Amino acid sequence: MAVEKVKKVSKQLIDTVEQFEDLFNKHEEFLFVKNSLTCPISQAAFEEYQEFVEKHQDYPSYHLHVQDSRSLSNYIAETFAIKHESPQALLFKGKDVVWNASHWKITYDALKKEVLG
């Protein structure tokens, strides 16, 4: 059942470093969420992300599932010198991470405030 909810909203699932580099070069700013398919805290955060995506479909938003994309998750952590966490929301602007949050700090209101100002 939880997997069905994960698939409910999908701006775009990113699996590879190459896909990430493409979107990184395509957008001046975007939201990126790291999600675990097995963690209840991650599921709650992903539902908050889904609500944000549903209400702000014009904002570029992407995600990965850490179980399926560990190398990409590690790449992002190493490239941007940000400790890997799951769940984790990252806001990219001007080719830098300008905000990140993890666990219970990923809420619809926090995403709206940080992403949309």
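Let's start with a helix pair: α2 and α4 lie oblique to each other. Keep in mind that this is a predicted model. What angle do the axes make? Helix α2, residues 17-26, and helix α4, residues 70-79, cross at roughly 45 degrees. Their axes come within 9 Å. An angle under 35 degrees would count as roughly parallel, and 65 to 115 as roughly perpendicular, so this pair is called oblique.

Who meets whom? On the α2 side, it is Val17, Phe20 and Glu21. On the α4 side, it is Ser71, Leu72, Tyr75 and Ile76. Of these contact residues, five are nonpolar, one is polar and one is charged.

Now the largest nonpolar core. It has 17 residues. Leu31, Tyr49, Ala89, Trp99 and Leu111 touch the most other members. Where does the core come from? At least two residues each come from β1 (29-35), α3 (40-55), β3 (88-93), β4 (96-102) and α5 (108-116). Helix α3 gives the largest share, five residues.

There is also a second, separate core, with 15 residues. Ile14, Phe20, Phe30 and Val66 are among them.

Back to Leu31. Beyond its neighbours within four places in sequence, Leu31 contacts residues including Tyr49, Phe52, Ala89, Leu111 and Val115. Tyr59, Pro60, Ser61 and Tyr62 are also among its contacts.

Last, α3 itself. This helix has 16 residues. From first C-alpha to last, α3 reaches 23 Å, close to the expected 22 Å. Its buried residues include Ala45, Phe46, Tyr49, Phe52 and Val53. Ser42, Gln43 and Gln50 in α3 are buried too.

Terms used
Residues are numbered from 1 along each chain as its sequence is written. This is a predicted model: local features need pLDDT of at least 70, side-chain atom pairs count only at pLDDT 80 or more; totals for chains, interfaces and linings use all residues. Side-chain values use heavy atoms; hydrogens and water are left out. A nonpolar core is a set of buried Ala, Val, Leu, Ile, Met, Phe, Trp, Tyr and Cys residues joined through side-chain atoms within 4.5 Å. Buried means under 20% relative accessible area, exposed over 50%, partly exposed in between (1.4 Å probe, protein chains only). Helices (H or I, at least four residues) and strands (E, at least two) are DSSP runs, numbered from the N terminus. Contact means heavy atoms within 4.5 Å. The expected span of a helix is 1.5 Å times one less than its number of residues. Axes are lines fitted to C-alpha atoms, for helices over the stretch in contact, and angles run from 0 to 180 degrees between N-to-C directions. Angles under 35 degrees count as roughly parallel, over 145 as roughly antiparallel, 65 to 115 as roughly perpendicular and the rest as oblique. Ala, Val, Leu, Ile, Met, Phe, Trp, Tyr, Cys and Pro count as nonpolar, Asp, Glu, Lys and Arg as charged, and the others, Gly among them, as polar.
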